[in-house]
Amino acid sequence: MTARRIRNAAFWSACTLAFLCVAAPALSVLISVFHQALPALGWSLLLKRTNGIGIQNAILGTLVMLLGVLILAGGVGVAAGIYLAEFATGRHERLLRFFSEILAGMPAIVIGYIGYITMVVQFHWGFSLAAAVISLSILVLPYVVKTTEVALRQVPTFLREASAGLGLDSTTTVWRILIPPALPGIVSGLIVALAISTGELAPLLFTAGFSDQNPSLALVHHQVPYLTGVIFTDLALPGARAHATSAAAGAVTLILLIILIAVGRLVSRGARRATARMTI
Amino acid sequence: MIDTPAQVESRPTAPSVPAPEVPRQPRPERHPEEGTPDPVFRVKDLSFYYGPHQALRDVSIDIGAHEITAFIGPSGCGKTTFIRCLNRMNDLIPGARVEGEIDFEGRPLYGADIRAIDIRRRIGMVFQKPNPFPKSIYDNIALTPRRNGVKKSELDGLVEESLRRASLWDEVKDKLQQSAFSLSGGQQQRLCIARAIAVRPDVILMDEPCSALDPVATFRIEELMAELKGDYTIVIVTHNMQQAARVSDRTAFFTVDVSDQGRVGVLVEIGETSNIFTSPEDQRTEDYITGRFG
Ligand SMILES: Nc1ncnc2c1ncn2[C@@H]1O[C@H](COP(=O)(O)OP(=O)(O)O)[C@@H](O)[C@H]1O
Ligand SMILES: [Mg+2]
């Protein structure tokens with residue numbers, strides 16, 4: 001009896017400790033970032049650029065890059081995920097999985113460096129939107145591929161059989177029958193990819209450059225400002241002003257992340273509802 | 001006669017309402033002693049392999065037009081495997097292999113110039129567990145015809161006609177936009193039959209269509225089969241011998257042949273349902289239907 005009580009107590013203390021280990025750092029980061037950002041917080045942050053006392057250009061730059069990642073990593077990753085889940089067999093499947101795993105294990109800084117050597121230098125694109133978006137996309141591609149594949153594999157086989165039994169071709173089967181129930185899962189994968197892209201610095205250091213101007217949509221020869229770049233450079237600058245700007249950029253990054261996570265939550269709740277409806 | 005793929009695509013769709021009551025082919029005169037005069041399927045020495053494992057050996061069967069043919073036999077004897085050979089569903093299984101011949105309306109079903117998806121449009125399938133799409137009742141039926149090029153203006157009529165034929169219309173006509181999963185199991189299965197009918201097949205294959213249903217729902221599906229047989233050739237797998245006796249014109253008995261080579265499904269005999277159940281030729285059939293085996 002007492003032995004069980006002790007075991008119980010030990011278990012719950014371990015749980016509490018684990019919870020604190022997760023919650024405390026997250027909370028302390030949030031609090032300290034917003035505390036340090038306080039002097040810089042204000043509308044000017046959104047209205048002025050980094051040559052003044054704002055970070056408008058960096059926010060816009062990050063958003064443009066996210067759009068690029070959504071199109072590139074989203075397009076390629078979802079296509080590869082569909083291929084892996086529904087069509088690939090034998091050698092093609094093994095090869096694709098192998099490369100996807102290599103990419104997943106590749107350090108972000110290495111991806112940035114390779115992007116620098118090839119795109120920035122070799123292709124003469126310079127620091128540019130294209131180089132930045134491609135580097136980020138390579139970084140998040142494995143997530144998109146994996147979540148798409150898993151979401152499709154969770155769609156019950158009886159739907160594939162029903163579709164095949166009606167003589168529907170495989171394109172229709174994938175787009176009309178399998179993708180709709182898998183969509184919430186695919187979308188939450190894309191959101192994770194965007195969240196990673198928002199917070200990453202390493203692949204952009206060598207590829208995006210920076211600019212005090214607002215980003216243009218030009219793909220090459222124009223440097224792109226971005227939030228994590230502001231955090232990084234302004235922290236190294238002397239002066240309270242710069243440090244506050246750095247913290248403000250950090251705060252905006254966190255807000256963007258929280259928005260993305262919230263959207264992801266909503267979407268995966270939708271996913272659970274959809275699968276619940278499907279089990280008869 | 002199987003249309004070439006190009007012709008199948010451009011096959012004009014028949015007017016949708018009212019339902020054509022006349023069968024597309026004249027009903028063949030049936031002479032029981034002659035077997036099946038004008039078979040839709042002519043299967044000769046069919047063997048089937050899942051990779052190295054042989055599931056069926058030397059099955060030869062004729063399946064007549066506008067008849068209900070029932071497959072019975074103990075579980076694992078290859079009934080599902082066989083019925084899935086008839087619409088090339090087994091093409092989807094990696095490593096599966098068919099030997100022997102199946103002629104469908106006089107042409108080789110597995111011929112090099114024949115596409116499986118064209119075959120499956122002409123030979124519909126109803127599965128063991130109702131498997132509606134996670135869509136509205138309307139879209140479950142309309143999706144395939146829409147993809148096959150049926151005009152938008154004809155879709156409503158086609159949906160109604162198909163639901164009427166599956167005797168489901170009166171139950172769902174006021175909630176066509178509701179999810180198919182809001183229906184009961186029996187209604188879902190009739191929806192799946194309506195979905196198959198909407199493609200205008202010649203043959204409907206049913207693999208234990210009532211095994212997940214209660215007796216009342218089962219009875220309605222059996223009634224429905226009797227109505228549908230005027231327009232379609234029906235093949236049904238069932239583990240329920242009374243069902244085979246009630247609904248089918250001819251019955252084929254399969255069993256598992258156990259030998260040194262392993263367990264493989266074989267056809268024991270096929271004949272008029274009344275004969276199979278009263279005076280089977282083979283001792284194994286008799287043992288099975290009298291409950292001494294299986
Ligand atoms: N996809 C498959 N892969 C390998 N073996 C299979 C597969 N489907 C069925 N089998 C085997 O083939 C034999 C016949 O199965 P099946 O056709 O499902 O029999 P029945 O429908 O008469 O119960 C069984 O031994 C079964 O284990
Ligand atoms: Mg079976």
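The model is predicted, so local features need pLDDT of at least 70 and side-chain atom pairs count only at pLDDT 80 or more, while totals for chains, interfaces and linings use all residues. Residues are numbered from 1 along each chain as its sequence is written, chains are lettered from A and ligands numbered from 1 in the order in which they are written, and side-chain values use heavy atoms, with hydrogens and water left out.

**Ligand 1**

- The shell around ligand 1 includes Tyr50(B), His53(B), Lys79(B), Thr80(B) and Ile93(B); a residue is near a molecule if one of its heavy atoms lies within 4 Å of it.
- The shell divides into four nonpolar, six polar and one charged residue. Ala, Val, Leu, Ile, Met, Phe, Trp, Tyr, Cys and Pro count as nonpolar, Asp, Glu, Lys and Arg as charged, and the others, Gly among them, as polar.
- Helix α2(B) gives the most to this shell, with three residues. Helices (H or I, at least four residues) and strands (E, at least two) are DSSP runs, numbered from the N terminus.
- A polar side-chain atom of Thr80(B) lies 2.6 Å from an oxygen atom of ligand 1, and a backbone N or O atom of Lys79(B) lies 2.9 Å from an oxygen atom of the ligand.
- The protein covers 59% of the 560 Å² of accessible area that ligand 1 has on its own (Shrake-Rupley method, 1.4 Å probe).

**Cysteines**

- Over all chains, the count of disulfides (pairs of cysteine sulfur atoms within 2.5 Å) is zero.
- Cys192(B) is in no disulfide, and the nearest cysteine sulfur, that of Cys210(B), is 12 Å away.
- Cys192(B) is buried, at 2% relative accessible area. Buried means under 20%, exposed over 50%, and partly exposed in between (1.4 Å probe, protein chains only).

**Salt bridges**

- There are 27 salt bridges over all chains, each a side-chain nitrogen of Lys or Arg within 4 Å of a carboxyl oxygen of Asp or Glu.
- In chain A, Arg153(A) and Glu149(A) form a salt bridge at 3.0 Å, N to O. Both lie in helix α6 (residues 129-153), four residues apart, so about one helical turn separates them.
- Arg153(A) is partly exposed at 46%, whereas Glu149(A) is buried at 4%.
- Asp257(B) and Arg57(B) also form a salt bridge, at 3.0 Å, N to O. Asp257(B) lies in strand β9 (residues 250-259) and Arg57(B) in strand β2, so the pair ties together parts of chain B that are 200 residues apart in sequence.

Notes:
A polar contact is a pair of N or O atoms within 3.5 Å; within protein, one must be able to donate a hydrogen and the other to accept it, and residues adjacent in sequence count only if both atoms are side-chain atoms.
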